Amino acid sequence: MTSTATDHTTATSADRALITARHLINGEWLGEADTERMNPARPGELAALSPSGTAADVDAAITAAAAAQPAWAALPAPSRGAILMAAGNLLLDRQTAIAEDLVREEGKTLAEAKGEVKRASDVLRFFGSLGWAATGEVLPSGLPDTTITTRREALGVVGLITPWNFPIAIPAWKSAPALISGNAVVIKPAELTPLSATHLARALQDAGLPAGVFNVVHGKGRVVGDALARDPRIAGLSFTGSTAVGLGLQEILNARRARVQLEMGGKNGVLVLDDADPRKAAKVVAAGAFGLTGQACTATSRVYVTPGIRAAFLEALTGEAAAYTPGDGMDAAMGAVVSPQQFEQNQAAVRSAVERGAVLLAGAYDGDPAGPLLFPAAVLTELPFDDAAVTEEIFGPVVAVLEVADYEAGLAAINDSRYGLTAGICTDSLALSTDFAARAQAGVIKVNRPTAGLDLNVPFGGVKDSSTNTFREQGKSALDFFTWGKTVYTGV
Ligand code: NAD
């Protein structure tokens, strides 16, 4: 499909074929694509079609995965890695076409989408290269003529459930460590973004991944996701999404003592101290709050400022907000909101804060959820610390700015949250930034850098209601979730 608008009532069958996602089960593309996904920036334009999977589809996918997994695990790890690296190269070859599909189904900007496809490619190549890396240790024994080694074994068949906001990067950063470790995968992508995960599946298949090793079942979370979580053949489930859904899945997996990894919501705060440069701090906060249309689990959504910098910082932040003008992601500075429901959620959050007395320095909340879902970047201030706009995840380009007396009060405010994914500080003080890194309750700390955005080689995850806080994602740490450890004594 080209970048020209395609009205779904007039789309040719060739157009429709190009935007049709299907289940991938045992190497076969299956399912009647009966679910329409519309472009959030262009009402009436069809962005994707996908099948609505059933528990029977999940059963078939797990059966295929269970059959394929032993041979996959038996393949030398460098050979598994070569397939992942080839798939990563294919994603890069196809970067622009995939990114355009991603913009149409999710709404983010083309630059963000291209960056995300590049990330997925890099992730596949990073984990592919680990096919050559050592995974165990050699330990001394107190016994004579005895060697002790540790091994990491694949879990078997793993389930992955992913959200819409990074619709190809998150499937890639869960699948790649699972596959390089010798697991077979059944993934349920988000309903709103079926095409992006399909591109990942196609690249893996085209790179030579054996049939059944990677399976995709599209459909509703409470049908497909639930069936995946409940199947006793799923040895581990890795989920990214909302806290409410994640905690429900944890109960299901805990009940049968299967492994579960949850990456969930966030309400990420930044502390801006008097000694910071207000313009630099405003750029850091704006990038974290409004980049990706604020639709990132790591987005900045609350800022605490000390009195001496408050006025200059607010002026600079209001100026920054104006630069994030929303539009069709194909050519806008800020992309569209993903769905009418999310758009109304953003509006309600800002409107109710204003009704409770907050001052809206930038933004508006009067758009039509039946039109293009373009929500201007919003800056709220003059609101109490326990306002819902300060405590609840909004998942939109909305930031609340509150005054704190000093560093200690700001740190306490940052930590006064049910979430703990990322936290930031803007300061020139090495002493305070070091103290903040030690005492802020979050899995990722950013000093003078936006809360959103991480390199692919670093451990990622949170504390409190943001994460299971057991196994980290990304980097080499990601291998821990998808493997189990064994200690081997060998005597001669
Ligand atoms: P969501 O929880 O609604 O959906 C996530 C996935 O779970 C989707 O594939 C969905 O179909 C599935 N699902 C829904 N109900 C289910 C059920 N009952 N059983 C099994 N699966 C079910 O979240 P979303 O709206 O897609 O994504 C936004 C949320 O994701 C935000 O809360 C955001 O903070 C979070 N998120 C977290 C991270 C992180 O790494 N911590 C990253 C991105 C997004």
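In this predicted model, 28 residues of domain 1 are in contact with 30 residues of domain 2, where contact means heavy atoms within 4.5 Å. Domain 1 covers 23-264 + 467-491 and domain 2 covers 268-457; the bounds come from an automatic or database domain assignment. Taken over C-alpha atoms, the centres of the two domains are 31 Å apart.

Residues are numbered from 1 along each chain as its sequence is written, and side-chain values use heavy atoms, with hydrogens and water left out. Because the model is predicted, local features need pLDDT of at least 70 and side-chain atom pairs count only at pLDDT 80 or more, while totals for chains, interfaces and linings use all residues.

The size of an interface is often given as the accessible area lost when the parts come together. Between domain 1 and domain 2 about 2,200 Å² is buried, and carbon and sulfur atoms give 61% of this area. Buried area here is the accessible area (1.4 Å probe) that two parts lose on being put together, summed over both.

Across this interface there are nine residue pairs in polar contact, both residues being at pLDDT 80 or more. A polar contact is a pair of N or O atoms within 3.5 Å; within protein, one must be able to donate a hydrogen and the other to accept it, and residues adjacent in sequence count only if both atoms are side-chain atoms. On the side of domain 1 that touches domain 2, α4 (95-106) and α5 (110-129) each supply at least two residues. The largest share of that side, six residues, comes from α5. Helices (H or I, at least four residues) and strands (E, at least two) are DSSP runs, numbered from the N terminus.

Helix α4 also holds Q95. The side chain of Q95 reaches the backbone oxygen of K114 at 3.0 Å. Leaving aside neighbours within four places in sequence, Q95 is in contact with K114, V117 and K118.

What about charged pairs? Side chains of opposite charge can pair when their charged atoms come close. A salt bridge is a side-chain nitrogen of Lys or Arg within 4 Å of a carboxyl oxygen of Asp or Glu, and the whole structure has 22 of them. Between domain 1 and domain 2 the count is one. D328 and R42 meet in a salt bridge at 2.6 Å, N to O, and R42 also pairs with E45 at 3.7 Å.

Buried means under 20% relative accessible area, exposed over 50%, and partly exposed in between (1.4 Å probe, protein chains only).

Another salt bridge joins E473 and K174, with the closest N and O atoms 2.9 Å apart. E473 lies in the loop between β20 (463-464) and α16 (478-481) and K174 in helix α6 (residues 169-180), so the pair ties together parts that are 299 residues apart in sequence. Both E473 and K174 are buried.

Q342, in helix α12 (residues 340-355), is buried at 8%. By contrast, L430, in helix α15 (residues 430-439), counts as exposed at 67% relative accessibility.
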